[in-house]
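Subject: Structure for you to look at

Dear colleague,

I am passing on the structure we spoke of, and below it I have set out what was found. Please read the notes with the model open beside them.

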Amino acid sequence: MEKLIQKQKDFFHSGQTLPYAFRIKQLETLESALRDNEKLFEEAIYNDFKKSSFDTFTTELALIYSEIKEVKRNLHAWMRPKGVPNNLINFPGKSYILQEPLGVTLVISAWNYPFLLLFTPAISAMAAGNTVVLKPSEIPSATAKVIDAIITASFDPQYVAVVQGGVTETTQLLKQDFDKIFFTGSTQVGRIIYRAAAEKLIPVTLELGGKSPAIVTPSCNLKMTAKRLVWGKFLNAGQTCVAPDYVLVHESMEPSFLATCRHEIEKAKYAFDNDNYCQIINDANFKRLVALIDKDKVYSGGTFDAATRYIAPTLLRHISFEDKIMKEEIFGPILPVLTYTNFTEALQQIKSLPKPLSAYLFSESKKEKKEMLQTVSFGGGAINDVVMHLANPNLPFGGIGASGMGSYHGKAGFMAFSHQKSILQKANWLELPLKYSPVSAKKLWFIRQVFKW
Ligand code: NAD
């Protein structure tokens, strides 16, 4: 690992990653490598958790291609020095900001969208002119192998390298002198990464998890609400960081909300009953999830099969914040539905919990939208939809508090891997004597006037 990092350092210091043309060419190489090997990616991810080729394209590859397109369209503008107004005390001169690559970067990713969560930050790192070490999750092992093979065949490891492995290898990586660590994973491991980075004062972006709420109010369009919620919750069998973790629905509409959701699940039977529906990633998660299903509270679903690691899309009712399922991030196809009587109190309840990665409101009321957006702190989210905000590269994506720090996608990703180097460039045709000795009361008076201006 030391050798690999040293090689990347030498390559970075050679300046070869700096030119715009180099960065574009490398992004094109990455895109071709992905497009040429789509079949391999599909097979690997199917082996790992039975993800369909439809979902692999729509929720992973398509978003990666769209990110590359977005970067190629804007990189020139993002790289340009940005002039800012100069101030009077620095006259005569000009002030501007340079976007400087950070150097040798490390991207560690989670298992649930194994391509998207690895390649999207890698695209940002490459666009910003860095070298990058990729540490895919070891859990989808077939996928990790394919990523390694394809990246190793397409890039010189002094520029982009893959290190496979789990806790031991990541711990080793964390001892190296990176210039940036970008981590996607659980809040618990996020703390370990942050601590290791702090030792070496390495800047981090932490994309973590948590319990993302959805609030459903009586003013909502119920049919559309159920359709979008059911899709976003059970996509990837609920193994999505921004999936609505639980729903808070007004008590007056709980029966109709549950019935409409069940209807939507039944309508989508094709998607949930065959090869279009993901498995739970491994036995440990399967057991954890099954233990969260309180049989007495099942409204629909609740069935499972250990041999195929299948859990039916499940709706739970009569849930309170005291239930076990409300004490941890679910990360599976189980949707607990809680009720509220007062909208402001429901928001207070959300605010009493750690700040979520996402929050969703289904409402047609201007007042409710304003109250929710102004009073609840969360990473990002949607009104009258779920999950889809992450598919717009113009929206910085990231958490806050326990759900993470920093953001990426589009320009935010480029900035996450760049240092803003501030430059004052002075002209030599004039030098005001004010700051030089001998000082005097008159000079001080003059300086006071300048600072008032
Ligand atoms: P995880 O934290 O267990 O693992 C993430 C990465 O950290 C993996 O590459 C793993 O090898 C490594 N790792 C695990 N334990 C480690 C340790 N002790 N020391 C060093 N490295 C270690 O997360 P996961 O199970 O892969 O993913 C699920 C979590 O990720 C959920 O909480 C989910 O919400 C979150 N997530 C967040 C986002 C986001 O964009 N914010 C996206 C996907 C997943």
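Between domain 1 and domain 2 there are 12 residue pairs in polar contact, both residues being at pLDDT 80 or more; a polar contact here is a pair of N or O atoms within 3.5 Å, where within protein one must be able to donate a hydrogen and the other to accept it, and residues adjacent in sequence count only if both atoms are side-chain atoms. Please bear in mind that this is a predicted model, in which local features need pLDDT of at least 70 and side-chain atom pairs count only at pLDDT 80 or more, while totals for chains, interfaces and linings use all residues. Residues are numbered from 1 along each chain as its sequence is written, and side-chain values use heavy atoms, with hydrogens and water left out.

The domains and their contact

Domain 1 comprises 2–208 + 402–420 and domain 2 comprises 213–398, bounds that come from an automatic or database domain assignment. Their centres, taken over C-alpha atoms, are separated by 30 Å, and the contact (heavy atoms within 4.5 Å) draws 26 residues from domain 1 and 28 residues from domain 2.

The area buried between domain 1 and domain 2 comes to about 2300 Å², with carbon and sulfur atoms giving 55% of it; buried area is the accessible area (1.4 Å probe) that two parts lose on being put together, summed over both. On the side of domain 1, K50, W111 and H409 supply 24% of the area buried against domain 2, more than any other three residues.

There is 1 salt bridge between domain 1 and domain 2, the term meaning a side-chain nitrogen of Lys or Arg within 4 Å of a carboxyl oxygen of Asp or Glu. A salt bridge is formed by K50 and D275, whose closest N and O atoms are 3.7 Å apart.

Three helices, α3 (38–49), α4 (53–79) and α15 (410–416), each supply at least two residues of the side of domain 1 that touches domain 2, and α4 gives the most, with 5 residues. Helices (H or I, at least four residues) and strands (E, at least two) are DSSP runs, numbered from the N terminus. By residue type, that side of domain 1 divides into 10 nonpolar, 8 polar and 8 charged residues, where Ala, Val, Leu, Ile, Met, Phe, Trp, Tyr, Cys and Pro count as nonpolar, Asp, Glu, Lys and Arg as charged, and the others, Gly among them, as polar.

The ligand

The ligand is surrounded by 26 residues, the closest being S109, E138, S186, L208 and E329, with a residue taken as near if one of its heavy atoms lies within 4 Å. A polar side-chain atom of E329 lies 2.6 Å from an oxygen atom of the ligand, and an N or O atom in the side chain of W111 is 3.0 Å from a ligand oxygen atom. E207 places a backbone N or O atom 3.5 Å from a nitrogen atom of the ligand.

Backbone details and another salt bridge

The peptide bond from F91 to P92 is cis, with omega near 0°, and P92 lies in the loop between β1 (82–84) and β2 (93–101). F331, although not a glycine, has a positive phi of about 55°.

The structure holds 16 salt bridges, including one between the side chains of K72 and E28 (3.3 Å, N to O).

With best wishes
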